[in-house]
Amino acid sequence: MPSFRFLSSACNSKIYAQYSAKKMDLFNPVGMRLESHPLDMNSRPERMKVNKIATKPFPDQKPGTSGLRKKVRVFQQPHYLENFVQSIFNCLPESERGMLIVGGDGRYHNRQAIQVILKMAAANGFRHILVGRQGLLSTPAMSVLIRKYKACGGIILSASHNPGGPEGDFGIKFNTTNGGPAPEKLTEAIYQQSLAIEAYHILEIEDISLDEIDSCTLGRTRLDIIDPVEDYAELMSRLFDFGRIKTLFDSGLFRMVFDAMHAVTGPYAKEIFEHRLKAPPDTVINAVPLEDFGGGHPDPNLQNAQELTSLMFSGEAPDFGAASDGDGDRNMVLGRHFFVTPSDSLAVMAANIHHLPGYHSGLAGVARSMPTSRAVDRVAESLGVECYETPTGWKFFGNLLDSHKITLCGEESFGAGSDHIREKDGIWAVLFWLNLIAVRQRPVSEIVQQHWRRFGRHYYSRHDYEEIESTMAEALMHRLAEQLHTLKGRQFGEFRISECDDFSYTDPVDHSISSHQGLRFLFDDGSRLVFRLSGTGTRGATLRLYLERYLADPARHNLDLQQTLAPLAAIADDIAQIKKYTGRDKPSVIT
Ligand code: VG1
Ligand code: CO
């Protein structure tokens, strides 16, 4: 626990001096109104009391695949959020507490949590805080801001694609100076802090209004309320050929619908697609972020993005459809009557990236998470670049991106991104496709089918068994892991298991090892089965079964997806006894 020196913390560090000189006009062009601000320390010194609150550890604050996710009710317990936030701060030496950025996806409890975090950040001696107006920031926008303003970190309040509302989920993620999710070493250190915590520090002040762009001071901490969209939109306009994309919309022949699912991308999509790219005003649907996402499940897949999906498969279907998730890092891309699987999307991006002005030098390398289909591997092979296979979760791409080993990376779970930031990026992926369509002048379906003809098709699907009993899920995985050595070489009809293992990853940059990242079974014909347990759920356990089957012959590229994968699903049930252990006769979600 660092000693508490809020009032004596230095404000005149070099970084701060440089930064504040630069920021004054950026965020506060009209000049600060410190004298009149209710939070000005000079006018209301009595309001700036710092409290040290005694607390006791919670045993369950171990971050999962992407931050700490729990039911809202869990986060509403006294001290729960505070303990975790203080644990994060305790991992940052006081001398490094420069700028902190805070924002969230607007879900229920976002507003309350942000107030707590701002007051705690000031009490813990951060010199400068940026917060998105109305407490909003998408995950990719956070990454942009951290990198652009050289912040020491960012706190994102989101449970991503998990539902919101009082009965829904809440979450908190910490991103480091490179703009990416905290690596495992840091999340483990935060967890250890949370197990030993005895007190946290918080300023005793009234809540701060975040409705307008403004600046004030909280004691010695400067706080800027910023436009959550501007810096992000500006970066996008430099990466892609906005002029060319505009010609698509100008022609009046190309129609697009973007479903923001009542989550954080609404304001970003409105600004970028409708205002900057001049798409018609009804292009973005469900554009207003709501605390409960309109009662929906802000997960962009065929099942949850119902409104968009039915439109895209109807007689009225526009040429291009897309959606993003709660915090804006996922994307789903659809053509007219055509769904692009995320794994294929990544492969198409890799094969076409040189067409895009922002990426004209091509690919340094690519990476995919282990369960993601191997479609991108074939592209990498043909381009002669390295393809890295990482564990699930964006944090594993950070080192590869930072060391320029890869330009592009993605996950089967509707995530794609590039070296422009250190998060997956929903709107970026949509812009990538728009730019590609504008360059190639072909519909989405044709671009993908042409890709299959060249590289073969990886039929791919994920079957989730959600909210099953944790002990049973663990037992299934344990039993399967124990059988790995006897399963190798086994024949199941026309399929034979050629390799199987418990996936372990050694980071090529820092050599850290992450083991038990999923059980994988490779078959002679290039098919694959992967089993792992989710690290983002908040109730029971979720078993994810990933199925992949490779067919090179173009005559077999238009088969029914689930039927084509059915023999593999049967083998999966045979070797893992899924029905027996889960008590379910079918998956709860198929993507
Ligand atoms: C899931 C996905 C994973 C993704 C993670 C965070 O994790 O499978 O690919 O990185 O969510 O995405 P898990 O452990 O439940 O399988 V997000 O949009 O929630 O930041
Ligand atoms: Co997300």
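Which residues are the closest to ligand 1? They are Thr 65, Ser 160, Ser 413, Thr 536 and Arg 544. In total, 21 residues surround the ligand. Keep in mind that this is a predicted model.

Start with the place where the ligand lies. Ligand 1 sits in the largest cavity. The shell around ligand 1 has no nonpolar residues. Ten of its residues are polar, and eleven are charged.

Now look at single contacts. The side chain of Thr 65 has an N or O atom 2.5 Å from an oxygen atom of ligand 1. Ser 534 also reaches the ligand with its side chain: here an N or O atom is 2.6 Å from a ligand oxygen. Asp 325 takes part too, with a polar side-chain atom 3.1 Å from an oxygen atom of ligand 1.

Next, turn to the charged pairs of the protein. Side chains of opposite charge can pair when their charged atoms come close. The structure holds 36 salt bridges.

Take Arg 73 and Glu 167. Their closest N and O atoms are 2.6 Å apart, and the two residues form a salt bridge. Arg 73 belongs to helix α2, residues 72–75, while Glu 167 lies in the loop between β5 (153–157) and β6 (169–175), so this pair ties together parts that are 94 residues apart in sequence. Are the two partners buried or exposed? Glu 167 is exposed, at 57% relative accessible area. Arg 73 counts as partly exposed, at 45%.

A second pair joins Glu 467 to Arg 539. Their side chains meet in a salt bridge, at 3.7 Å from N to O. Glu 467 is in strand β19 (residues 457–468) and Arg 539 is in the loop between β25 (528–533) and β26 (541–551), so the bridge ties together parts that are 72 residues apart in sequence. Glu 467 is partly exposed, with a relative accessible area of 44%. Arg 539 is partly exposed as well, at 47%.

Glu 499 lies in strand β21 (residues 495–502), and Lys 488 lies in the loop between α17 (484–487) and β20 (491–492), eleven residues apart. Glu 499 is partly exposed at 39% relative accessibility. Lys 488 is partly exposed, with a relative accessible area of 46%.

Technical notes. Residues numbered from 1 in each chain as written. Chains lettered and ligands numbered in written order. Predicted model: local features only at pLDDT ≥ 70, side-chain atom pairs only at ≥ 80, totals over all residues. Heavy atoms only, no water. Salt bridge = Lys/Arg side-chain N within 4 Å of Asp/Glu carboxyl O. Helix = DSSP H or I, 4+ residues; strand = E, 2+ residues; numbered from the N terminus. Buried < 20%, exposed > 50% of the residue type's maximum accessible area, 1.4 Å probe, protein only. Near = heavy atom within 4 Å. Polar contact = N/O pair within 3.5 Å; in protein donor to acceptor, adjacent residues only side chain to side chain. 1 Å grid on protein atoms, 1.4 Å probe; cavity = no way out; pocket = protein on both sides within 12 Å on 5 of 7 lines; lining within 4 Å. Sits in = over half its atoms within 2 Å of the grid points. Nonpolar A, V, L, I, M, F, W, Y, C, P; charged D, E, K, R; others polar.
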